[in-house]
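This report covers a ligand site and a neighbouring topic, the pairing of strands. The sequence and model are shown first.

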Amino acid sequence: MSDAFQLEELDGSIALLTLNLPEKKVNTLSQAVLAELAKWIGQLAKRTDLRGLLFRSGKPGQFIAGADLKELATLAYASQEQVGQAIDFGHKLYSGIARLPFPTVALIDGNCMGGGTELALAFDERIATATPETKIQLPEVNIGLLPAWGGTQRLPRLIGLNAIEVICGGQPLSAKKAAELGVIFDAVPADRLVDEGRRLIDYFQESGEWKRRREQARQPLGLSPDQFTFAFATAEGLLQSKTKGQYPAPLAALKAIKEGCNLPLEQGLEAEKRVALELFGSPIAANLIGIFFMKNRLAHDPGVDRTDVKPGQVDRVGVVGSGLMGAGIAAAHARSGIPTAMVDVDDARLAAGIKQAEEVVLSRIKIGRAAPMDLADMLAELSTSTGHGILADRDVVIEAITENEEAKVATYKQLAGVLKEGTILASNTSTISITRMAAAAPDPSRFVGMHFFSPVDRMELVEVIRGEATSDETVATIVALAKRIRKTPIVVRDCAGFLVNRVLFPYMNEALLLLQEGVPMDAIDKAATTFGMPVGPIALHDMVGLDTSFFAGKVLAAAYPDRATMPALLKDLVKAGRLGKKTGAGFRAHGGKSSKPAADPAFAPILEAHRTGSESTLNAAEITDRLFLPMLLEATRVLEEGIVREPADVDMGLILGIGFPPFRGGILRWCDAEGAGKIVDRLERFATLGKRYEPTETLTRHAQTGATFYPVPKATLA
Ligand code: NAD
């Protein structure tokens, strides 16, 4: 046997089995580890001298992080037979644990995820440490799978119908919540874990209670027909509306629970396997697993290729501008315990900024995501001033003043006399060149873009834009800082629109051109939402503000004149003061009796003046192509120009920045799935529209050679 497990005996009669993968930060359940566990269980099953088994992790604060990541990746491409074998193996192993001839208790300290949770569920009981690090979770539905090593069967038998939310929601449970639900027996201090486990074994032996529990765990859940119908119909309705038919995993997990819970456990496990086989290997599961890996890569990406570059220390941060973005950025830092100074031109604006920062925490308190103390903690880290002097000791200063190059440059010049040696100056600009503005910064090598998205507290993405002179140290420091405030940074080279707005713009623009051609705005928005976008492009224009769209559009049209045009319609709407939601009218009317935007008769004459066609003959699929193909082409140009380092950067940027549908895995994954050859054929249909629909070099090559943006891993499951 290898050395993943160690067996000790406590008091000569209780076995303590410890999992501690050598030289690994976390324990994961690879096939090799599971095979080793199976041998240990086989040996323990023969022992007649033991009174009980305790199982724990040898890594403090880390129980089991779930399946091995590399093996998980191959799962998406494994054959049905291979997946079936993997499920059988897990079922057999965990059932073996559930049949050991003595009571068993899993001791959970730290993250307990996926297959690790299912393993713990095979024990007679579980005790966990009452620490914030301890989280018990079945996250499989988040990556398009379901817990198929008994999770969908053992959890309902343990906690009844509450299991539906835990399994189909895929969210973690704290130790306290797990104890309330009955997932664990108790939550105890870490240093009491083994002793409490021992006591529980003693109790089980004295009372014989473990035998009764085991018997119950093997039985059907025993829901009455009424309970059964009501519970599953309600859950199904809820999940249908939440997943809009685009995410099959939560509904499949529900189906597994439904088909198995009123049967004896053994048959329930068969039902689980049956449903899992329908789900695993689906393209959606492959896309969601892909996203999981892309996120994981970004979490570990230092942002630079050089391995000798380390991020600098950041103890204090400054933010210039306390408007919508500045206040959000300051709050994000202060909430993460970083002393933050916020500067604006007068006290009234600073007061508004503080109020907005408070709102961020108050809204989190309301939904139970923050405690009242967090507000005081955040405010303690936040200081304000109308002068620049407060920025003199800052390691990083983020500029978030009005989008005006002259004003920004003037501010940088003023800061030159104030900032200490070594301070990094970052700009939150959405449209202005970082390379150009760097010339006015105190030190161009320590000047960088740090592009947050609105609303800052909810949007996870930060584009880190490196100008021509930006140093690796600066990039690495800002990437590390963004991670510290729980954002996902993506490093982007300087170009108009950076990554996200550059790729979004052709899609937003095309929506307006379609409108001018005579396609109804509802049909345009519907095509986008049916594709999976959270809102359609016309609705999005109204949300971001038509003045903002117009301004950004002008910058992008100037930068990419061969393919970007500025629809005159937008200019006229701005001129007419129709700026979208914020002024009550844009493409649609806002703020009427219904909270929903409505068709606005006053818009028709403005559109009429710009009509290029009367009635469009495009069908829904063609409208979808008109919207997304220019987005795809721009994404391939971004890659060709080396604006980002990997296809995954583009896809994650779009998923996190504009809500590109995760089930599609990103625009480049979508291209892989559709096939570049077919995309090139479909572009042909719009060839008369010019460069906007001309296949790029990369796309043409992919179409000719069958190459893909993402390699297809070979299945290695035994
Ligand atoms: P805003 O108008 O809400 O806030 C700007 C703030 O800067 C105001 O409080 C203003 O008083 C202050 N200010 C102006 N000149 C100043 C100076 N010289 N010194 C100190 N403070 C000054 O604007 P916003 O929406 O927060 O945008 C700020 C920046 O963030 C812009 O560069 C914008 O392009 C960028 N951005 C905005 C969004 C968005 O959705 N609003 C998204 C990403 C990036």
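Predicted model: local features only at pLDDT ≥ 70, side-chain atom pairs only at ≥ 80, totals over all residues.

A polar contact is a pair of N or O atoms within 3.5 Å.

| Residue | Protein atom | Ligand atom | Distance |
|---|---|---|---|
| Glu403 | polar side-chain atom | oxygen | 2.4 Å |
| Met325 | polar backbone atom | oxygen | 2.7 Å |
| Ser430 | polar side-chain atom | oxygen | 2.7 Å |

On its own the ligand has 830 Å² of accessible area, of which the protein covers 74%. The shell holds 20 residues, and Asp344 and Lys408 are among the closest. By class, nine of the shell residues are polar, seven are nonpolar and four are charged.

Strand β16 also pairs with β17, in the antiparallel sense and over four bridges. In this pairing Gly449 is opposite Ile465 of β17. On β17 (residues 461–466), six of six residues are buried. Leu461, Glu463 and Ile465 point one way from the strand, while Val462, Val464 and Arg466 point the other way.

Between β17 and β18 the chain passes through helix α19 (residues 472–484), in a right-handed β-α-β crossover.

How values were computed: Residues numbered from 1 in each chain as written. Heavy atoms only, no water. Near = heavy atom within 4 Å. Polar contact = N/O pair within 3.5 Å; in protein donor to acceptor, adjacent residues only side chain to side chain. Areas by Shrake-Rupley, 256 points an atom, 1.4 Å probe, with all protein chains shown as cover. Nonpolar A, V, L, I, M, F, W, Y, C, P; charged D, E, K, R; others polar. Buried < 20%, exposed > 50% of the residue type's maximum accessible area, 1.4 Å probe, protein only. Helix = DSSP H or I, 4+ residues; strand = E, 2+ residues; numbered from the N terminus. Pairing = 2+ DSSP bridges. Right-handed = clockwise from strand over helix to strand, strands pointing away.
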